[in-house]
Amino acid sequence: MTALGRARTDEEAAVEALIAQVPQWATSASAYAQLCPDVVSPMHRGVAGALWLVEPEGGASGVLKVPRPDMDGLFDRAAGATGAQLAGETGAGPGIIWADADGGAVAMEHLGKGWRTASLADLQEARVMKAALDAARAFQAGAALPVRFDVFAEIRALETRLIAANIALPADGWWMLEQGSAIEKAIAAAGHDLVPCRNDGVSSNIMIGPEGAVKLLDYDRAGMNDPAYDLAVLLTEVCAFASEREPYVEHWAGRADTALLNRTVVYGAADDLMWALWAMLSAETSPRVHVEFRKYAE
């Protein structure tokens, strides 16, 4: 292990305890190091869970994701672990070595050489975007997940927590919440099916590999949802105008679909509202003052 003659921190002790639970890692000495710092802007990495590169002696390296204590109650840890396992099974994400269904920790293959984190510039390339959408579709074709993800329920829960913590919304916050409620009613009236969804559109949770391969990371919000939501959140991350969305909607649906296009716009607005409320709450409650939650919320 990596303590290297100094006292282990509580975080390192927790990491070592988790490594000892992974069958492939427990039988040999394993070196480990933090894979990346926790940052929410301009990229979103290591915020909900700390990422550790684990290198077992004589074995293949892997990545251990450990939930952050200050994010307890803001994500469904069990759902995240289950979603990551389904992603590994469907090929949408890295293969899973081990998962703690209760605590939410996940050990996964390290994609390694030839793979890199996507940027918004990468996602301006149609081939990369289409590969990411195809990966989302592969995940949606997997076995049903045990939980439901509902962005509108998340918005209400976050609003309740903000009120309880006496955290004031922006001056037009009431209007944003009213629009979210209107979107929810419109979606409910139109109806939709439920499939496994990742429910995350952050560009830095996409990995680009050799020959245009794509893997999707981060299943902290995984759950059964309208399949259009996965399309919506990625398009909202990448596209500034409806005209930019149209070819990807057609790729997704196999035809031009104005109703689906409009659905991606309103879902994207609801998703942005949810993340803004999450960041507002985290800015006031998280001890990690180096993470720019306030900037992300604004």
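Student: Which residue stands opposite W52 in β3?

Tutor: In this predicted model, that residue is L64. Residues are numbered from 1 along each chain as its sequence is written. The model is predicted, so to speak by rule: local features need pLDDT of at least 70, side-chain atom pairs count only at pLDDT 80 or more, totals for chains, interfaces and linings use all residues, and side-chain values use heavy atoms, leaving out hydrogens and water.

Student: How many bridges join β2 to β3?

Tutor: Strands are DSSP runs of E with at least two residues, while helices are runs of H or I with at least four, numbered from the N terminus. Two strands pair if DSSP finds at least two bridges between them. Here six bridges join β2 to β3 (residues 62-67), and the two run antiparallel. They form a hairpin with five residues between them, and G58 in the turn has a positive phi of about 80°.

Student: Why is β2 largely enclosed by the rest of the structure?

Tutor: Buried means under 20% relative accessible area, exposed over 50%, and partly exposed in between (1.4 Å probe, protein chains only). Seven of the eight residues of β2 (residues 49-56) are buried, so the strand is largely enclosed.

Student: In what order do the strands of the open sheet come?

Tutor: The order is β6-β8-β9, with antiparallel pairing. β6 (116-117) and β9 (214-216) are the edge strands, each pairing on one side only.
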